[in-house]
Amino acid sequence: MMAELFLPWPDKRLSPNARVHWASLACAKKAAKRTAYYTTMEAGIGKIDADILSVKYSFFPPDRRRRDADNMLAACKAYADGIAQAIGIDDSKWKIAIAARGAVERAGMIKVELEWDE
């Protein structure tokens, strides 16, 4: 089976290169995790009964600035935690792929494709 999620561009405080106060970072992580959890639930994706989940991230940045793929993926860690909580599969059991960078989107967006065998 397959499912798609569309998440907002991650808060700049979630970047591994950001130097922010720990409380501010914790607040941003909590908000991102909550957003991913409720987006997953609203998409109608409940608990998934699978051993391995294939996850593909597609990044649609808000501007043309250069960004490292590994930093963009790291900024999505809280999103992964929220999705994992919603579907019941820990992100340690995910096979992760990063798609080619997408077109510039106003405000930015992350597309997450989930694929699993039942």
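Trainee: In which hand does α1 cross α3, right or left?

Mentor: The crossing of α1 past α3 is right-handed. A crossing is right-handed if the near helix is turned clockwise from the far one by less than a right angle, and left-handed if anticlockwise. Some ground rules before we go on. This is a predicted model: local features need pLDDT of at least 70, side-chain atom pairs count only at pLDDT 80 or more, and totals for chains, interfaces and linings use all residues. Residues are numbered from 1 along each chain as its sequence is written, and side-chain values use heavy atoms, with hydrogens and water left out.

Trainee: At what angle do α1 and α3 pack?

Mentor: About 40 degrees, with the axes 7 Å apart. Helix α1 covers residues 22–42 and helix α3 covers residues 77–87. Helices (H or I, at least four residues) and strands (E, at least two) are DSSP runs, numbered from the N terminus. Axes are lines fitted to C-alpha atoms, for helices over the stretch in contact, and angles run from 0 to 180 degrees between N-to-C directions. The two helices are therefore oblique to each other. Under 35 degrees counts as roughly parallel, over 145 as roughly antiparallel, 65 to 115 as roughly perpendicular, and the rest as oblique.

Trainee: Which residues make the contact?

Mentor: From α1, they include Lys 29, Ala 32, Ala 36 and Tyr 37. From α3, they include Tyr 79, Asp 81, Ile 83 and Ile 87. Contact means heavy atoms within 4.5 Å.

Trainee: How many of the contact residues are nonpolar?

Mentor: Nine are nonpolar, three polar and three charged. Ala, Val, Leu, Ile, Met, Phe, Trp, Tyr, Cys and Pro count as nonpolar, Asp, Glu, Lys and Arg as charged, and the others, Gly among them, as polar.

Trainee: How many residues of α3 are buried?

Mentor: Eight of the 11, so α3 is largely enclosed by the rest of the structure. Buried means under 20% relative accessible area, exposed over 50%, and partly exposed in between (1.4 Å probe, protein chains only). The buried ones include Ala 80, Gly 82 and Ala 84.

Trainee: What covers them?

Mentor: The cover includes α1 and the strands β1 (2–8), β2 (53–60), β3 (94–98) and β4 (109–115). Just after α3, Gly 88 takes a positive phi of about 80 degrees.

Trainee: New topic. How many aromatic pairs are there?

Mentor: Three. Rings of Phe, Tyr and Trp (its six-membered ring) pair if their centres lie within 6.5 Å; planes under 30 degrees apart count as stacked, over 60 as edge-to-face and the rest as tilted. Tyr 37 and Tyr 38 have ring centres 5.1 Å apart and planes at 85 degrees, so they are edge-to-face. Tyr 57 and Phe 59 have ring centres 6.2 Å apart and planes at 10 degrees, so that pair is stacked.

Trainee: Are Tyr 57 and Phe 59 buried or exposed?

Mentor: Both are buried. Ring pairs also link Trp 9 with Tyr 57 and Phe 59 in a cluster. Tyr 37 is partly exposed at 24% relative accessibility, and Tyr 38 is partly exposed at 49%.

Trainee: Where is Glu 113 found?

Mentor: In strand β4. Glu 113 is buried, with a relative accessible area of 14%. Leaving aside neighbours within four places in sequence, its contacts include Met 2, Glu 4, Val 55 and Lys 56.

Trainee: And which helix holds Cys 27?

Mentor: Helix α1. Cys 27 is partly exposed, at 46% relative accessible area.
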